[in-house]
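Dear colleague,

Please find below the structure that I am handing over to you. The notes that follow set out what was found in it.

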Amino acid sequence: TPTVVLHATRDRAVPVERGRWIADHLPDARFIPLDSDIHLICLSDAIDDIASVIADHVRRVMAAPLNA
């Protein structure tokens, strides 16, 4: 399953390296760093970037041919 991993670059709760590690260990994953220090997406100051990345990811997945 195509996956996008979003992670705040200055996250104080979970280091950004953990997000990179997750993306590196999931097949077909992309890592997207967010210019933020806020861990919780619902409180993020990068919410517009998050919405844009998710919308782009959904468009890419929907446009990709299905594997039989």
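**Salt bridges**

Arg60 and Asp56 form a salt bridge, their closest N and O atoms being 3.0 Å apart. A salt bridge is a side-chain nitrogen of Lys or Arg within 4 Å of a carboxyl oxygen of Asp or Glu. Please note that this is a predicted model, in which local features need pLDDT of at least 70 and side-chain atom pairs count only at pLDDT 80 or more, while totals for chains, interfaces and linings use all residues. Residues are numbered from 1 along each chain as its sequence is written, and side-chain values use heavy atoms, with hydrogens and water left out.

Arg60 and Asp56 both belong to helix α2, and because they are four residues apart there, about one helical turn separates them. An α-helix has 3.6 residues a turn, so residues three or four places apart point the same way. Arg60 is partly exposed, with a relative accessible area of 47%, and Asp56 is partly exposed at 26%. In these terms, buried means under 20% relative accessible area, exposed over 50%, and partly exposed in between (1.4 Å probe, protein chains only). Arg30 is linked with Asp56 and Arg60 in a network of salt bridges.

How many salt bridges does the structure hold? There are four. Side chains of opposite charge can pair when their charged atoms come close.

One of the salt bridges joins Asp35 to Arg10, with 2.7 Å between the closest N and O atoms. This pair links distant parts of the chain: Asp35 is in the loop between β2 (29-34) and α2 (47-63), and Arg10, 25 residues apart from it, is in the loop between β1 (3-8) and α1. Asp35 is exposed, with a relative accessible area of 60%, whereas Arg10 is partly exposed at 42%.

Asp37 and Arg12 also meet through their side chains in a salt bridge (3.8 Å, N to O). Asp37 lies in the loop between β2 and α2 and Arg12 in the loop between β1 and α1, so this pair ties together parts that are 25 residues apart in sequence. Asp37 is partly exposed, at 27% relative accessibility, while Arg12 is exposed at 71%.

**The chain as a whole**

The protein chain has two helices and two strands, which follow the pattern β-α-β-α along the sequence. Helices (H or I, at least four residues) and strands (E, at least two) are DSSP runs, numbered from the N terminus. Of the 68 residues of the chain, 22% count as buried. Among contacts (heavy atoms within 4.5 Å) between residues at least 6 apart in sequence, 61% join residues at least 24 apart. The chain exposes about 5,100 Å², of which carbon and sulfur atoms supply 59%. Accessible areas come from the Shrake-Rupley method with a 1.4 Å probe; for residues, only the protein chains shown count as cover.

Which residues of α1 are buried? They are Val16, Gly19 and Ala23. These residues cover an arc of only 60 degrees around the axis, which puts them on the same side of α1; the arc is that of the directions from the helix axis to the C-beta atoms. The buried residues of α1 pack against β1 and β2. On the other side of α1, the exposed residues are Glu17, Arg18, Trp21, Asp24 and His25.

Ile22 is in helix α1 (residues 16-25) and counts as partly exposed, at 40% relative accessibility.

**Ser44 and Ala46**

Ser44 lies in the loop between β2 and α2 and is buried at 10% relative accessibility. Ala46 is placed in the loop between β2 and α2 and is buried at 4%. The side chain of Ser44 reaches the backbone nitrogen of Ala46 at 2.9 Å. Not counting residues up to four places away in sequence, Ser44 touches Ser36, Ile38 and Ile50, and Ala46 touches Leu34 and Ser36. Ala46 and Ser36 are 10 residues apart in sequence and 6.4 Å apart in space, C-alpha to C-alpha.

Yours sincerely

Terms used: Polar contact = N/O pair within 3.5 Å; in protein donor to acceptor, adjacent residues only side chain to side chain.
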